[in-house]
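Dear colleague,

Please find the structure below, followed by an account of what was found in it. I would be grateful if you could read the two side by side.

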Amino acid sequence: MQRARSGTIPSMEVATDAIKDSATFIVFGASGDLAKKKTFPALFGLYRNKKLPPVVHIVGYARTKMDTEEYHRRIANYIKRDNNPEFDAKLEEFLNLSSYVSGGYDDSESFNRLNAHLKQVEGHRTSNRIFYLALPPSVFVPVAKHARQECYSRGINRIIVEKPFGKDLESCRELLNELKKYWREEETYRIDHYLGKEMVKNLLVLRFANVAMNAAWDKNSISNVQITFKEPFGTEGRGGYFDEFGIIRDIQQNHLLQVLSILTMERPVSFSPEDIRDEKVKVLRAIPPVVRKDTLLGQYVASNGKPGYLDDDTVPKGSMCPTFAASVLWIHNPRWEGVPFILKAGKALNEAKVEVRIQFKDVTQGIFADISRNELVVRIQPKEAVYLKLNTKSPGYDFRAIPTEMDLTYKNRFTEAAIPEAYEVLILDALKGDHSNFVRDDELDVAWKIFTPILHWIDGKEGERPEPESYPYGSRGPARLDAFIESYGYKRTQGE
């Protein structure tokens with residue numbers, strides 16, 4: 001049965017400088033993992049669903065020397081096949097639109113050669129160009145500089161930059177200032193792919209389109225909030241890269257903090273990009289830096305035949321880099337004063353899961369004893385869902401309260417819906433000129449203010465480095481985790 005269209009959001013229908021007729025995507029770092037696993041599959045998904053402009057070209061650029069045939073083979077290897085009878089034809093069309101240029105990242109000659117290739121594939125029309133930097137931050141600035149100086153077109157130009165945006169507040173500001181020398185803020189799209197995830201985008205609707213939900217969304221009803229990221233695998237040969245950043249920079253300072261800002265911001269005047277981002281910055285400014293006593297650090301060790309972090313040959317010997325962190329944030333404003341927000345992230349844990357768990361306060365005592373608290377859980381991945389834990393009378397003759405769930409699991413409720421990948425959503429937003437789901441410069445600055453002091457402590461820049469607590473590969477985390485969370489008011493559901 002076709003569902004009637006309802007619930008339109010007029011404030012989202014804002015005028016943006018959309019790229020509609022033609023576009024050229026230039027993917028820097030085209031031979032790297034990020035481009036192969038995320039960027040090219042996302043572009044293909046948009047192409048086959050007719051979301052790209054009618055005239056489109058995709059140009060890969062990297063240092064690696066390879067011919068067109070090899071380049072196409074690499075792209076095709078990472079695009080997941082399905083049973084759609086048009087898949088092969090669409091893939092062939094997509095590859096025919098894709099070309100490759102090899103060159104350096106810091107010399108004008110290479111970029112002049114790239115520009116000549118772009119003009120060749122675009123023909124004589126005015127071109128709109130999107131430069132996608134699927135690159136390590138060490139080459140952000142030279143690539144941004146030369147793209148602006150040698151490859152800037154007479155049409156619309158945009159640049160998409162991947163995280164990490166620096167390693168602390170100082171390096172972030174240096175990077176921001178360097179990029180601003182060549183690209184205006186309105187041309188810059190700093191991508192955090194969590195902002196493209198279906199359930200993160202859904203938080204705005206859950207909060208502001210439901211009176212019943214919004215009425216209890218404050219310190220008077222909520223006891224504590226947990227935002228959790230769990231991976232069931234370790235560094236697996238990528239420990240050298242991970243050790244340079246650690247779990248807080250990799251997950252908490254960006255992905256989980258973005259979720260927190262949407263979860264806690266005030267109602268925006270509209271859903272236009274700047275109104276949303278204004279409210280996110282406002283709530284982040286109310287968060288003081290994380291302190292040491294509100295932090296629990298861990299590092300996984302070998303267990304059940306799985307190697308420990310220090311067993312990875314790419315990890316520096318004796319590294320004290322945390323692979324797990326729980327950080328408690330506080331928001332000093334009238335809505336959230338006194339509510340702990342517990343951000344947890346870890347590798348080599350017992351499952352793959354990203355979720356928000358909002359635990360409400362105890363029901364008034366007197367007629368009930370030892371009754372479970374209500375919880376609203378938003379599962380971001382896998383198996384997107386929203387469910388509310390509440391108490392109900394047990395069926396039958398007995399009169400007692402038992403915990404149960406009102407469950408909105410997407411695959412069960414929306415059986416016909418296909419949820420797009422986060423990167424598809426964000427690339428499409430960049431085409432539309434919609435900054436709503438990209439990180440603004442002042443937002444990035446205040447995010448680093450929250451975490452830089454604790455990161456400097458972990459890095460040994462402020463005295464002796466803390467030693468992370470060991471936890472077995474495949475466990476829930478450090479042994480002290482439950483006690484740590486409970487010290488901030490969390491109560492486990494009766495019977496769990």
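Is E462 buried, partly exposed or exposed? E462 has a relative accessible area of 40%, so this residue is partly exposed; buried means under 20% relative accessible area, exposed over 50%, and partly exposed in between, with a 1.4 Å probe and protein chains only.

Please note that this is a predicted model, in which local features need pLDDT of at least 70 and side-chain atom pairs count only at pLDDT 80 or more, while totals for chains, interfaces and linings use all residues. Residues are numbered from 1 along each chain as its sequence is written, and side-chain values use heavy atoms, with hydrogens and water left out.

Salt bridges

E462 forms a salt bridge with R292, at 3.6 Å from N to O. A salt bridge is a side-chain nitrogen of Lys or Arg within 4 Å of a carboxyl oxygen of Asp or Glu. The two residues are 170 apart in the chain: R292 is in the loop between helix 10 (273-285) and strand 8 (295-301), and E462 is in the loop between helix 13 (441-458) and strand 15 (469-472). Helices (H or I, at least four residues) and strands (E, at least two) are DSSP runs, numbered from the N terminus. R292 is also partly exposed, because its relative accessibility is 42%.

By this rule, the count is 38 salt bridges. Another of them joins E231 and K347, whose closest N and O atoms are 2.6 Å apart. This pair also links distant parts of the chain, 116 residues apart, with E231 in the loop between strand 7 and helix 9 (239-264) and K347 in the loop between strand 10 and strand 11. Both E231 and K347 are buried.

K353 and E351 meet in a salt bridge of 3.4 Å, N to O. K353 counts as buried because its relative accessibility is 18%, whereas E351, at 29%, is partly exposed. Both belong to a network of salt bridges that also includes K230, E355, R357, E375 and K389.

The second largest pocket

Strand 7 (222-230), strand 10 (341-346), strand 11 (353-360) and helix 14 (481-486) each supply at least two lining residues, and strand 7 gives the most, with 4.

Aromatic pairs

The structure holds 23 aromatic pairs. Rings of Phe, Tyr and Trp (its six-membered ring) pair if their centres lie within 6.5 Å; planes under 30 degrees apart count as stacked, over 60 as edge-to-face and the rest as tilted. Y241 and F245 form a tilted pair, 5.1 Å centre to centre with 45 degrees between the planes. These two residues are about one helical turn apart, because they are 4 residues apart in helix 9. Y241 is partly exposed at 36%, whereas F245 is buried at 9%.

Yours sincerely
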